[in-house]
Amino acid sequence: MLTRAQVVIVGAGVIGASIAYHLALRGCRDLLIVEKEASEVSGSTARSAAGVRHQFSSRTNILLSRYSIEKLRSFDTEVGGHAELHQVGYLFLVNDAATWAQYQRNAALQRELAVRVELLSPAEVARFVPGTRSDDLVGATFGPDDGYCDPYGIAMGYLRAARRMGARLQRATAVTGFAISGGAVTGVTTTGGPIACDVVINAAGPWAGEVAALAGLDVPVRPYRRNVYLTAPFPELPGPMPLTIDVGSGFYMRHEGASILMGKSNPDEPSSFTLNVDWAWLDHVLEAGLYRFPFLAKASLAERQCWAGLYEITPDHNPILGRHPDLAGYLDASGFSGHGIMHAPATGMLIAEELLDGRAHTIDIDELRISRFRGGRHHLEQNIV
Ligand SMILES: Cc1cc2nc3c(=O)[nH]c(=O)nc-3n(C[C@H](O)[C@H](O)[C@H](O)COP(=O)(O)OP(=O)(O)OC[C@H]3O[C@@H](n4cnc5c(N)ncnc54)[C@H](O)[C@@H]3O)c2cc1C
């Protein structure tokens with residue numbers, strides 16, 4: 001057990017792994033990643049639906065995606081490992097005029113930032129997903145460079161590369177407290193003993209709010225269960241298909257091999273760390289899915305392949321990044337609200353800049369800093385799945 005490191009990263013998920021990689025790449029190698037579980041990449045990263053998309057409503061999120069997806073394209077050769085990026089596109093189906101106006105504004109902003117996105121009429125949707133009910137749709141947007149990836153492969157690729165450069169990983173060790181002196185972090189206490197350090201980066205995913213509380217900080221990241229349901233192999237499946245979202249109901253689906261992976265958030269479920277699959281919620285998911293995609297009636301459920309995981313949600317559905325104004329040596333990198341995989345490459349790069357250059361600069365993260373909640377300066381991300 002190490003007793004000293006310059007930088008301690010709490011959490012060995014895709015975010016902690018990306019931060020470790022980017023710091024090590026820039027020569028900051030006295031790093032220790034502390035993970036409470038017996039194995040790395042066993043939190044939300046291993047339970048994600050793996051979607052990556054440019055189609056957001058805020059400039060910052062679009063830029064985070066643009067940087068990250070570009071990096072995922074060259075991940076296997078640049079970092080090593082398997083990103084398995086499939087750019088099959090994301091298709092958003094919209095069924096009311098106000099939301100359609102918002103999606104058209106989003107598309108204009110995405111194009112302004114050099115992101116490819118198409119506006120489609122309801123009739124054109126059948127080109128992408130034959131058999132979709134489109135008589136009540138107003139329009140759709142299609143991002144051809146969106147798609148899905150392998151989150152486990154990405155996180156493990158970053159971790160292995162970081163460790164090759166000298167970063168260390170301490171498994172089965174939970175951070176249980178902070179040592180603070182003169183308004184600055186001087187170390188952490190863990191289930192394996194104390195570790196002295198100059199910097200702590202909170203990359204604890206759905207547990208980030210709890211980890212921050214150990215330092216006396218109120219960081220509004222809360223865990224919410226999300227269920228993912230799989231069908232058995234399904235020969236009636238329409239051919240290659242984008243990740244498709246019925247915006248009105250929140251139902252989404254994509255290919256997973258020969259099966260369909262699908263889900264829909266339950267907006268009324270309270271925050272919890274519950275991880276068992278919600279079978280009662282499946283009725284609501286199927287009702288929404290069958291309405292929009294009647295061909296799903298021919299599919300059968302692969303019950304043993306379904307799972308639940310935790311979204312790490314903030315009040316405005318945007319991550320909290322950067323130095324904390326109330327505690328020197330403490331940085332936040334959490335609260336991705338369902339976008340942590342697709343924003344991991346940019347986050348690692350930006351947190352490394354924040355630490356080593358004094359301030360993140362490749363992308364302006366001011367609107368993602370925790371201080372936004374103090375003056376009510378936070379803006380809700382509209383494109384939430
Ligand atoms: C069902 C589902 C679908 C999703 N779909 C998508 C998607 O399509 N696209 C997308 O981009 N994102 C998606 N997400 C979100 C994405 O999975 C997360 O944003 C991302 O995995 C966050 O990564 P992380 O490294 O911050 O968290 P995690 O992977 O949870 O890693 C945090 C780590 O911190 C460790 N830890 C916690 N507390 C402590 C402690 N006190 N001491 C030591 N270690 C600690 C945990 O054990 C864990 O290993 C989805 C999530 C779920 C649940």
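Here are some questions and answers about this predicted model. Residues are numbered from 1 along each chain as its sequence is written. Because the model is predicted, local features need pLDDT of at least 70 and side-chain atom pairs count only at pLDDT 80 or more, while totals for chains, interfaces and linings use all residues.

User: How many residues of domain 2 are in contact with domain 1?
Analyst: The protein chain is divided into domain 1 (7-50 + 151-221 + 315-373) and domain 2 (90-144 + 223-313), with bounds from an automatic or database domain assignment. Their centres, taken over C-alpha atoms, are 30 Å apart. Contact means that the C-beta atoms of two residues, placed from the backbone, lie within 7 Å. On the domain 1 side 14 residues take part, and on the domain 2 side the number is 10.

User: Is Asn227 buried or exposed?
Analyst: Asn227 is found in strand β13 (strands are DSSP runs of E, at least two residues, and helices are runs of H or I, at least four, numbered from the N terminus). Among the residues Asn227 touches are Gly263, Cys306 and Trp281. A residue is buried if 20 or more other C-beta atoms, placed from the backbone, lie within 10 Å of its own, exposed if 12 or fewer, and partly exposed in between. Asn227 has 21 C-beta neighbours inside 10 Å, so Asn227 counts as buried.

User: What separates the C-alpha atoms of Asn227 and Trp281?
Analyst: Along the chain, these two are 54 residues apart. The separation of their C-alpha atoms is 8.5 Å.

User: Which strands stand at the edges of the open sheet?
Analyst: The order in this sheet is β9-β10-β11, and the pairing is antiparallel; two strands pair if DSSP finds at least two bridges between them. β9 and β10 (residues 184-190) share 6 bridges, and Val175 stands opposite Thr190 in β10. Each edge strand has a single partner, so one side of each is left without a neighbour in the sheet: these are β9 (175-181) and β11 (193-196).

User: Which element gives the most to the shell around the ligand?
Analyst: There are 41 residues around the ligand, and Gly11, Gly13, Gly43, Gly205 and Gly340 come nearest (a residue is near if its C-beta atom, placed from the backbone, lies within 6 Å). The elements giving two or more residues to this shell are α1 (14-25), β13 (222-230) and β17 (307-313). With 4 residues, the top giver is β17.

Conventions
Lists of a residue's contacts leave out its neighbours within four places in sequence.
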